[in-house]
Amino acid sequence: MTIPTEPIGSIPRPRALQEALAEHAEGRLSHAELAKLQEQATVDTLARLEQLGCAVLVDGEQAKPSFATYPIAGLATLAPDGAVIPFADGHVRQLPRLAEGPFRYQVHADTYLRDARRHTDRPVKQAVIAPSALSLLYPSEPLAGYPREAFLRDLANEAEADIRRCLDGGAHCVQLDFTEGRLSLKLDPSGALLDDFIALNNEVLGRFIGDERRRLGVHTCPGGDHDSTHSLDVDYTDLLPRLFRLQVGNFYIQLASEPDPERVLRLIAEQLRPGVRVFVGVTDPIGTTLETPEEVRDRVLLAARFIPVDQLGTCDDCGFSPFADDTSTSRDLAFAKIEARVRGTALASQALGL
């Protein structure tokens, strides 16, 4: 037995792809030409991860506009003035707003998965956006002829289909990105909004059983965009007990950038239940300093003091470029941090006699 290690999702796009995205947005590059560059970037991402010794691969989200908005790319019933997400450095991301129903995904994540699996024989993990995040698309005022309850039913059905198609497509595991979990406690310190998010996600997750559920996971972090976060100042104390109610077999928890990781590990240990695995973050994607394998090893050994090794895994704190236009971290630095995670986790396994 060794300690498993997995990436979270996004990896910075190559410069040529970044330039192509800008040209496509301006109408100077066709969709077919952009898709060709996205495929090349996916192939390069998979190959580099294999070379680093990654047992589980991701496509790096090279073809996604963002981790959150891929299902609604091309949806015609959206307005631009949706929920605003402020980051600590002052910049914001704004979601669109649903203007009329019914709500349907335009793109499913298995599209990316199947494209990736054509280029590798290694296990491929697929990240999907949690339905709780997309629930923020519905406006505060009810839509005529499409009440919120109908929207949530449609959303749950679409989210289930997104996950199930990835499982059927051969995903090693399917990871729900739940960055809005921690943010919700900033928006509503009472925890009522978080409880609503957990209930909605469990409405979907409860439709999966047995081996399906063991292949599901959820990722939480304080956001990571342009070297800033939206909720790092929100304490884990109120989040983790609710997070572990989610009906999944794997939890991916940001930890490397926490000021007091030992305290968070104690909280995790209090909530840990049999049959689940906790992947702790051991590299900081928005940190400019490259972690050494020895630093990663020591972070893993600390985690092993609180989490049984047969329930322990490692990951990066977050994706390196969750939004396609984020160039704050270089592609080479991202791969170097991934290499440190892989090597450091192996060193920890050796130190533990695994």
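**Asking what the terms rest on**

Colleague: What makes D316 count as buried?

Modeller: D316 has a relative accessible area of 1%. Buried means under 20%, exposed over 50%, and partly exposed in between, with a 1.4 Å probe and protein chains only as cover. At 1%, D316 is therefore buried. This is a predicted model, in which local features need pLDDT of at least 70 and side-chain atom pairs count only at pLDDT 80 or more, while totals for chains, interfaces and linings use all residues. Residues are numbered from 1 along each chain as its sequence is written, and side-chain values use heavy atoms, leaving out hydrogens and water.

Colleague: Why is the pair of D316 and R341 called a salt bridge?

Modeller: The term asks for a side-chain nitrogen of Lys or Arg within 4 Å of a carboxyl oxygen of Asp or Glu. In the pair of D316 and R341, the closest N and O atoms are 2.9 Å apart, so the pair qualifies. Helices (H or I, at least four residues) and strands (E, at least two) are DSSP runs, numbered from the N terminus.

Colleague: How do you know that D110 and R165 link distant parts of the chain?

Modeller: D110 belongs to helix α3 (residues 110–117) and R165 to helix α5 (residues 148–168), and the two are 55 residues apart. Their closest N and O atoms are 3.1 Å apart, which makes a salt bridge. D110 is buried at 5% relative accessibility, whereas R165, at 37%, is partly exposed.

Colleague: Which residues are linked in a network of salt bridges?

Modeller: The network holds E160, R164, E203, R207 and E212. Within it, E203 and R207 have their closest N and O atoms 2.7 Å apart. E203 is partly exposed at 41%, and R207 is partly exposed at 25%. The whole structure has 28 salt bridges.

Colleague: What makes β1 and β6 stand at the edges?

Modeller: The open sheet has seven strands in the order β1-β11-β10-β9-β8-β7-β6, with parallel pairing. β1 (5–6) and β6 each have a single partner strand, so one side of each is left without a neighbour in the sheet. Two strands pair if DSSP finds at least two bridges between them. β6 (residues 126–129) and β7 have four bridges, and four bridges also join β7 to β8 (residues 216–220). I129 stands opposite D177 in β7, and L176 has V218 in β8 as its bridge partner. Further along, β10 (residues 277–283) and β11 (residues 312–316) pair over five bridges; there T283 is the bridge partner of D316.

Colleague: How do you know that both faces of β7 are covered?

Modeller: In a regular strand the side chains alternate between the two faces of the sheet. In β7 (residues 174–177), V174 and L176 lie on one side and Q175 and D177 on the other, and all are buried. In β6, Q126 and V128 point one way and A127 and I129 the other way, and these are all buried too.

Colleague: Why is α6 said to be largely enclosed?

Modeller: Six of the eight residues of α6 (residues 180–187) are buried, so the rest of the structure largely encloses this helix. The six are E180, G181, R182, L183, S184 and L185. They pack against β3 (84–86), α4 (131–134), β7 and α7 (192–205), where contact means heavy atoms within 4.5 Å.

Colleague: Why is the chain called as compact as a globular protein of that length?

Modeller: The chain has twelve helices and eleven strands. Its radius of gyration is 19 Å, close to the 20 Å that the globule rule gives for 354 residues, so the chain is as compact as a globular protein of that length. The radius is taken over C-alpha atoms, and the rule is 2.2 Å times the number of residues to the power 0.38. Of the 354 residues, 55% count as buried. Among contacts between residues at least 6 apart in sequence, 79% join residues at least 24 apart.
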